[in-house]
Amino acid sequence: MNAIITATELASDLAGPSAPVLLDVRWQLGGPPGRPEYAAGHLPGAVYADLDGELAAAPGGAGRHPLPDLTVFGAAMRAAGVRADRGVVVYDGGQGWAAARAWWLLRWSGHPDVRVLDGGLAAWQASGGALSDAVPAPAAGDFTPAPGALPLLTADDAAQLARRGVLLDARAAERYRGDVEPIDRVGGHIPGAVSAPTTGNVAEDSTTFRTPSELADRFAALGATADAEVGVYCGSGVSAAHEVLALAVAGIPAALYVGSWSEWSGDPSRPVATGPEPG
């Protein structure tokens with residue numbers, strides 16, 4: 001099953017007998033909050049999912065967006081109508097990070113059929129899709145999270161993987177190098193990690209993913225192939241999910257380090273590398 005879906009394909013699926021559940025996951029680092037945007041207009045039938053409140057736990061020692069409490073996450077998904085036997089399509093404002101986080105969480109916790117709307121809300125509107133301000137009241141779903149369907153890295157796992165496999169850093173190159181660090185305690189990267197900004201996952205001047213072959217070529221140049229052991233991290237485990245999604249589109253399985261740099265850099269005992277090379 002493809003991990004992404006085009007706006008045209010989604011319109012066809014929504015008109016069919018087995019329409020997917022729609023989740024609106026609009027969010028961006030630093031705001032504005034997504035719920036008011038959802039209230040102003042969303043895909044008809046979509047339910048809003050709060051990244052900070054439902055797709056992550058409170059910030060702390062495990063990072064800025066640690067894994068959510070599965071009881072909270074499961075209840076939110078059931079309230080949105082998510083069922084184990086019904087497909088789910090998630091979308092955001094277009095950047096794809098938040099939608100990828102929802103995709104990864106649902107897949108990691110056992111849902112077999114989850115896709116991301118390629119290009120998000122903008123792609124839907126560009127294809128002629130209508131928006132609605134009606135808030136749906138879906139029938140309760142039955143999805144119960146059963147974690148472990150996708151690989152997950154701890155800080156120690158990430159350190160080891162950087163030595164024996166390919167650990168990709170999905171942040172902007174200047175943060176990887178340590179030139180700037182606007183959020184976390186210290187700049188730089190995990191020793192051995194390779195710089196692979198998420199901007200390289202999408203077509204030029206677009207928010208839609210590059211083709212599977214283009215993505216496979218991009219990742220192969222970084223050492224990440226279907227035969228390699230691959231992991232990804234970012235600042236707080238959100239944009240890294242976009243990289244894991246891009247890797248999936250390219251046919252390359254990858255593990256996610258959810259704590260990411262916000263957890264790693266918060267521990268003074270962890271080594272830090274700077275500059276353009278893995279170190």
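Tutor: Let us begin with strand pairing: two strands pair if DSSP finds at least two bridges between them. Please keep in mind that the model before us is predicted.

Student: How many bridges join strand 7 to strand 8, and which residue in strand 8 is the bridge partner of Asp169?

Tutor: Strands of a sheet pair through backbone hydrogen bonds, either parallel or antiparallel. In the present case, strand 7 and strand 8 run parallel and are joined by 2 bridges. The partner of Asp169 in strand 8 is Ser195. Asp169 also has a bridge partner in strand 9, namely Tyr233.

Student: Over how many bridges do strand 7 and strand 9 pair?

Tutor: Strand 7, residues 166-169, pairs with strand 9, residues 230-233, over 4 bridges in the parallel sense. Within strand 9, Val232 is the bridge partner of Leu168. Strand 9 pairs with strand 10 as well, again in the parallel sense, over 2 bridges. There, Gly231 has Ala255 of strand 10 as its bridge partner.

Student: What is the order of the strands in the open sheet?

Tutor: The sheet has 5 strands in the order 6-10-9-7-8, and the pairing is parallel. Its edges are formed by strand 6 (152-153) and strand 8 (194-195), each of which pairs on one side only.

Student: Which strands does helix 10 touch where it packs on the sheet?

Tutor: Helix 10, residues 239-249, touches strand 7, strand 9 and strand 10 (255-257). The direction of helix 10 makes about 150 degrees with that of strand 9.

Student: Which residues of strand 7 point one way, and which the other?

Tutor: From strand 7, Val166 and Leu168 point one way, while Leu167 and Asp169 point the other; all are buried. In strand 9, Val230 and Val232 lie on one side, with Gly231 and Tyr233 pointing the other way, and these too are all buried.

Student: Let us turn to the nonpolar cores. How many residues has the largest one, and which of them have the most contacts inside it?

Tutor: The largest core has 55 residues, and those with the most contacts inside it are Leu23, Met77, Val90, Trp104, Leu106 and Leu168. Helix 5 gives the most to this core, with 9 residues. Val90 shows what such a position touches: leaving aside neighbours within four places in sequence, its contacts include Leu23, Val25, Ala99, Trp103, Leu106 and Val116. A second, separate core has 14 residues, among them Ala159, Leu167, Ala255 and Trp264.

Student: What are the distance and the angle for Trp104 and Trp108?

Tutor: Their centres are 5.4 Å apart with 10 degrees between the planes, and the pair is stacked. Trp104 and Trp108 both lie in helix 5 (residues 97-108), 4 residues apart, about one turn of the helix.

Student: Why do Trp104 and Trp108 count as buried?

Tutor: Buried means under 20% relative accessible area. Trp104 is buried because its relative accessible area is 0%, and Trp108 counts as buried because its value is 7%.

Student: Which charged end sits over the ring of Trp264?

Tutor: It is that of Arg270, 5.0 Å from the centre of the Trp264 ring.

Student: Is Gly279 buried or exposed?

Tutor: Gly279 is exposed, because its relative accessible area is 81%. Gly279 is placed in the segment after helix 11 (260-264). Apart from residues up to four places away in sequence, Gly279 touches Pro191 and Gly192.

Technical notes:
Residues numbered from 1 in each chain as written. Predicted model: local features only at pLDDT ≥ 70, side-chain atom pairs only at ≥ 80, totals over all residues. Heavy atoms only, no water. Phe/Tyr/Trp six-rings, centres within 6.5 Å; stacked < 30°, edge-to-face > 60°. Buried < 20%, exposed > 50% of the residue type's maximum accessible area, 1.4 Å probe, protein only. Lys NZ or Arg CZ within 6 Å of the ring centre and 35° of its normal. Contact = heavy atoms within 4.5 Å. Axes fitted to C-alpha atoms, helices over the stretch in contact; angles between N-to-C directions. Core = buried A, V, L, I, M, F, W, Y, C linked by side-chain atoms within 4.5 Å.
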